[in-house]
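Me: I would like to learn how to read the features of a model like this one. Take me through them step by step.

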Amino acid sequence: FSKPEDHDFDNWQETAVDPGEPVLILHQNAKKDFSFVQMKCYRGWIETNKIALTNRDGWLQYVNPQDFAVVTDKLVAFKGKNNANWLYQMGDRIPVDKDGKLILPMRTTDGLLANIEANSKWDNTLHKGYLPYTTNNIVAMAFKHLGAQYGWGGLKNSVDCSGLTQDVYKTVGIQLNRNASEQRKAFKGLDFTGMNKEQRERTIKALTTGSLLFSPGHVMLYLGTYNNKPYMIHSVGSYGIKNAKGGYDRKSIMHVIVSDVDLMRANGITLMMQMQKANTYK
């Protein structure tokens with residue numbers, strides 16, 4: 001942590017790794033108790049005893065499943081025998097076999113992959129295949145996180161700002177990068193550079209609902225206007241509040257909230273005036 005009293009931002013925790021996440025092992029430490037792995041959108045160190053080894057066919061079953069369920073709740077848990085449990089985040093894909101049963105991964109005592117079958121339940125938590133890519137679905141998925149704790153790198157079984165947008169878009173089959181800066185750079189988008197307040201607000205109002213808005217180190221999902229003011233949903237660590245001396249203090253919030261674009265930062269600048277870019281995925 002950056003400060004002794006901090007317990008919300010673990011500098012060594014970058015992202016949650018979900019059950020059935022396909023990885024390639026690139027390197028191991030001398031004790032081989034940690035492995036450096038490549039995932040589909042990130043790379044980093046993970047405990048080796050959290051990895052199950054398999055052959056190419058077994059690996060591809062999770063990389064490119066013929067049929068799959070998509071998690072459409074912020075979290076879905078499954079329990080099995082001998083205290084086995086699986087916790088999936090929104091947007092995760094779970095392979096489905098020819099009989100319609102879910103395929104859940106298990107690590108055997110010798111470190112190999114074993115597949116466990118579970119009955120599928122198609123409801124508002126699991127969808128067969130991706131959801132249709134509509135603005136209604138994007139907003140509905142985002143609002144399932146409303147009020148959730150801010151979870152840096154997946155801590156607290158929750159989402160940070162880019163985790164929220166990544167999870168929402170995964171439900172419709174769009175794989176975004178993991179971090180906000182990478183999500184911003186990965187798409188041409190619309191640049192706010194040189195725009196004044198009126199131009200920025202006018203540009204934001206013209207965006208498609210579900211577009212992403214980027215400020216330094218932060219990403220927000222645009223919802224539309226209310227009383228002619230643009231609003232967004234985002235996972236927020238803190239905001240700025242004016243103090244008695246005329247400056248601004250940092251106020252912790254650590255939740256997924258809906259706010260207007262004039263939410264103040266601790267530096268006294270609104271989020272709208274710090275926005276760098278907007279991405280609309282078509």
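**Reading the model**

Reply: Start with a place in the chain: Gly-100 sits in the loop between strand S7 (93-95) and strand S8 (102-107). Helices (H or I, at least four residues) and strands (E, at least two) are DSSP runs, numbered from the N terminus. This is a predicted model, where local features need pLDDT of at least 70, side-chain atom pairs count only at pLDDT 80 or more, and totals for chains, interfaces and linings use all residues. Residues are numbered from 1 along each chain as its sequence is written, and side-chain values use heavy atoms, with hydrogens and water left out.

Me: Is Gly-100 buried, exposed or partly exposed?

Reply: Buried means under 20% relative accessible area, exposed over 50%, and partly exposed in between (1.4 Å probe, protein chains only). Gly-100 has a relative accessible area of 26%, so Gly-100 is partly exposed. For a sense of distance, take His-218, 118 residues from Gly-100 along the chain. The C-alpha atoms of these two residues are 39 Å apart.

Me: How do I read a sheet?

Reply: Strands of a sheet pair through backbone hydrogen bonds, either parallel or antiparallel. Here, two strands pair if DSSP finds at least two bridges between them.

Me: How many bridges join S1 to strand S2?

Reply: Four bridges join S1 to S2 (residues 34-38), and the two run antiparallel. Across the pair, His-27 stands opposite Phe-36. Gln-28 stands opposite Ser-35. The hairpin of S1 and S2 has five residues between the strands, and Lys-32 takes a positive phi near 60°.

Me: What is the strand order in the sheet of six strands?

Reply: That open sheet runs S11-S16-S12-S13-S14-S15, with antiparallel pairing. S11 and S15 are the edge strands, each pairing on one side only. Strand S12 (residues 212-215) pairs with strand S13 (residues 218-226) over four bridges, in the antiparallel sense. Ser-215 stands opposite His-218 there. Strand S14 (residues 229-242) and strand S15 (residues 248-260) are antiparallel too, with 11 bridges. In that pair, Val-236 faces His-255 as its opposite residue. S14 and S15 form a hairpin with five residues between them, and Gly-246 in the turn has a positive phi of about 90°.

Me: Which side chain does Ser-259 contact?

Reply: A polar contact is a pair of N or O atoms within 3.5 Å; within protein, one must be able to donate a hydrogen and the other to accept it, and residues adjacent in sequence count only if both atoms are side-chain atoms. Ser-259 lies in strand S15. Its side chain makes a polar contact of 2.8 Å with the side chain of His-234. Ser-259 is buried, at 7% relative accessibility.

Me: How do I read aromatic pairs?

Reply: A pair of aromatic rings is described by the distance of the centres and the angle of the planes. Rings of Phe, Tyr and Trp (its six-membered ring) pair if their centres lie within 6.5 Å; planes under 30 degrees apart count as stacked, over 60 as edge-to-face and the rest as tilted. The count is nine aromatic pairs. Phe-187 and Tyr-281 form a tilted pair, 4.9 Å centre to centre with 55° between the planes. Phe-187 lies in the loop between helix H4 (180-185) and strand S11 (190-191), and Tyr-281 in the segment after strand S16 (277-279), so the pair ties together parts 94 residues apart in sequence. Phe-187 is partly exposed at 33%, whereas Tyr-281 is buried at 10%.

Me: What about Tyr-226 and Tyr-231?

Reply: Their ring centres are 6.3 Å apart and their planes at 80°, so the pair is edge-to-face. Tyr-226 is exposed at 56%; Tyr-231 is partly exposed at 25%.

Me: How many disulfides are there?

Reply: A disulfide is a covalent bond between the sulfur atoms of two cysteines. The cut-off here is a pair of cysteine sulfur atoms within 2.5 Å. The structure holds zero disulfides. For Cys-41, the nearest cysteine sulfur is that of Cys-161, 14 Å away. Cys-161 is buried, with a relative accessible area of 6%.
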